[in-house]
Amino acid sequence: MSMNNQGRPTMPTSGASDAKETNVKTFTGNKALQIEEALSFEIGSYQQTGVDLPEPKARTNRLGGLDRNTDIGLPGLSEPETMRHFVRLSQKNYAIDMGPFPLGSCTMKHNPRLNEKMARLPGFGDLHPLTPVAQAQGALELIDTLAHWLKELTGMPAVAMSPKAGAHGELCGMMAIKAAIVARGEGDKRVRVLAPESAHGTNPATAVQCGFKVENIPGDKTGRVDLEAMKAKLGDDVAGIMVTNPNTCGLFERDIRAIADAVHEAGGYFYCDGANFNAIAGKVRPGDLGVDAMHINLHKTFSTPHGGGGPGSGPTVLSEALAPFAPVPYVVCEDGTYDLVETRRAAKAEGESAESFGRLTAFHGQMGMFVRALSYMMSHGKDGIAQASEDAVLNANYVLARLKAEMTPAFDGYCMHEALFDDRFLKDTGVETVDFAKAMIDEGYHPMTMYFPLVVHGAMLIEPTESESKRELDLFCGALLSLAKRAKAGESAAFKAAPVYAPRRRLDETAAARHPVLRWTPPQKAEAAE
């Protein structure tokens with residue numbers, strides 16, 4: 001046994017090629033600890049169930065003749081079979097608990113177990129959303145405390161806690177802007193919203209959903225908003241601008257204050273996409289930059305679960321100009337007692353307004369996410385949150401510095417929280433960006449964000465976050481440098497065949513997207529149909 005250059009042991013081989021080893025057939029379909037697993041429909045039986053339930057006694061049928069007279073069509077499995085099925089499926093997924101999750105613009109950071117413990121505390125974990133206010137004082141205090149620190153970190157006077165995710169937070173901010181414009185009597189006049197070409201796709205979609213027309217702003221050669229081009233598009237029909245800062249190229253918008261001033265002078269509002277707040281939290285307050293509204297992804301910045309581990313949460317902070325239009329409900333405190341303002345007509349305390357655009361969603365937000373986010377804030381403190389931002393930027397620049405020897409950065413200079421590369425280093429190799437991504441799977445990594453932002457050809461957007469150690473980053477960078485060298489050495493056939501070691505080989509992703517099979521059909525029915 002020897003040691004490789006990452007300090008990991010390597011085992012001697014028998015001389016057989018890796019490709020040949022993967023073609024070995026087993027009776028079970030298993031490959032050692034990589035267990036083949038069929039669908040539950042294929043391994044279960046319709047004639048059995050894993051639970052025995054007695055027939056209910058003295059039952060009165062209230063179905064009015066609508067009793068089921070056919071099988072329910074669900075497979076029956078024993079408890080061990082059920083557990084093994086889902087455990088085996090889970091082992092085929094990549095996860096943040098297995099290794100770095102380099103998705104750019106997604107901030108897949110570690111979710112501390114302390115947060116999970118707090119979210120499961122009795123009183124939080126089992127709190128029903130219809131619990132009377134008098135019996136939910138602790139929960140309302142927690143929401144109010146989290147709201148306070150979100151306002152402190154952003155320098156904004158108001159925050160709507162109810163949005164359920166980032167796009168929902170965007171909708172909240174843009175609805176507040178729409179309400180403010182209508183209140184000014186300019187609802188029919190101000191119909192345009194400006195958005196950079198590199199904007200998240202949800203930005204223009206949200207603006208259109210609010211009834212606005214979207215116009216793109218080109219970027220300059222540094223990957224930032226072209227200030228002069230933006231100013232040329234301003235007019236008395238502009239409702240506002242939607243800018244992500246740091247932007248989706250992983251760069252800080254140096255002209256952010258000038259952008260805000262120009263939009264305000266034209267009578268519009270400045271919506272900032274807060275998806276990348278993880279790069280500046282504790283370092284820069286968006287309110288000081290002239291921002292009027294900004295959503296905050298708690299799953300990106302404050303470590304609550306992301307994606308399938310959600311649900312998400314996207315509180316939206318608002319400037320003094322937009323605060324009167326914040327949605328209900330929101331928490332108020334008077335003489336140490338907390339209450340919920342449920343309707344805009346119920347507003348009565350000083351500083352509240354009846355101009356709210358109304359209710360955005362049922363109840364008052366994602367309680368479990370609030371607990372997790374506040375746990376993260378309180379365990380880190382002001383200095384810890386600032387350090388997390390600093391470390392996220394440091395890690396991204398370390399990746400940029402390591403990889404630029406073989407890969408091509410999209411823009412010159414330092415980045416913020418994510419490093420962006422294009423596909424120039426793959427020119428004339430026969431290897432495409434998607435092939436590079438598939439080869440990363442064989443190296444044991446989930447690919448970074450590919451082909452986004454669209455302003456960069458063959459984009460590869462890497463965000464390591466502050467969670468990763470130098471050892472993990474060195475191993476990750478070593479794998480990518482190795483792949484880049486192999487591509488340049490003419491190993492295009494190997495890249496086209498990747499992934500080789502995954503439970504499934506390369507799929508026809510285009511066909512899967514256009515013609516998804518969303519329902520399992522028993523084989524005998526499928527054969528009969530043919």
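**Notebook: helices, cores and a pocket**

I started with H12, where seven of the ten residues are buried, so this helix is largely enclosed by the rest of the structure. I am working from a predicted model.

**Entry 1, H12.** I listed the buried residues of H12: Thr433, Asp435, Phe436, Ala437, Lys438, Ala439 and Met440. Buried here means under 20% relative accessible area. Asp435 and Lys438 are on that list. What do the buried residues of H12 pack against? I found E14, E15, H13, H14 and helix H15 (509-514). Just past the end of H12 I checked glycine 444, which takes a positive phi of about 90°.

I counted 29 lining residues; nearest the centre lie Lys92, Tyr94, Ile441, Ala502 and Pro503. Which elements give two or more residues to the lining? They are H12 and strand E14 (449-450). I sorted the lining by type and got 15 nonpolar, six polar and eight charged residues.

Next I took H13, one of the elements that the buried residues of H12 pack against. H13 covers residues 470-488, 19 residues in length. From first C-alpha to last it reaches 27 Å, close to the 27 Å expected at 1.5 Å a residue. Its buried residues are Leu473, Leu475, Phe476, Cys477, Gly478, Ala479, Leu480, Leu481, Leu483, Ala484 and Ala487. I traced their packing to H11, H12, strand E15 (460-462) and helix H14 (492-497). Just after H13, glycine 490 has a positive phi of about 95°.

I then looked up the largest nonpolar core, which has 53 residues. The most contacts inside it belong to Leu146, Leu150, Met230, Ile241, Leu298 and Phe302. Elements that each supply at least two of its residues include helix H5 (137-154), helix H8 (227-233), strand E6 (238-244) and helix H11 (367-403). H11 gives the most, eleven residues.

What does isoleucine 241 touch, leaving out residues up to four places away in sequence? I noted Leu194, Ile217, Met230, Ile259, Val263, Tyr269, Phe270 and Tyr271.

There is a second, separate core of 32 residues. Among its members are Met407, Phe425, Leu426 and Leu480. Leu480 was already in my list of buried H13 residues.

Terms used:
Residues numbered from 1 in each chain as written. Predicted model: local features only at pLDDT ≥ 70, side-chain atom pairs only at ≥ 80, totals over all residues. Heavy atoms only, no water. Core = buried A, V, L, I, M, F, W, Y, C linked by side-chain atoms within 4.5 Å. Buried < 20%, exposed > 50% of the residue type's maximum accessible area, 1.4 Å probe, protein only. Helix = DSSP H or I, 4+ residues; strand = E, 2+ residues; numbered from the N terminus. Contact = heavy atoms within 4.5 Å. Expected span 1.5 Å × (residues − 1). 1 Å grid on protein atoms, 1.4 Å probe; cavity = no way out; pocket = protein on both sides within 12 Å on 5 of 7 lines; lining within 4 Å. Nonpolar A, V, L, I, M, F, W, Y, C, P; charged D, E, K, R; others polar.
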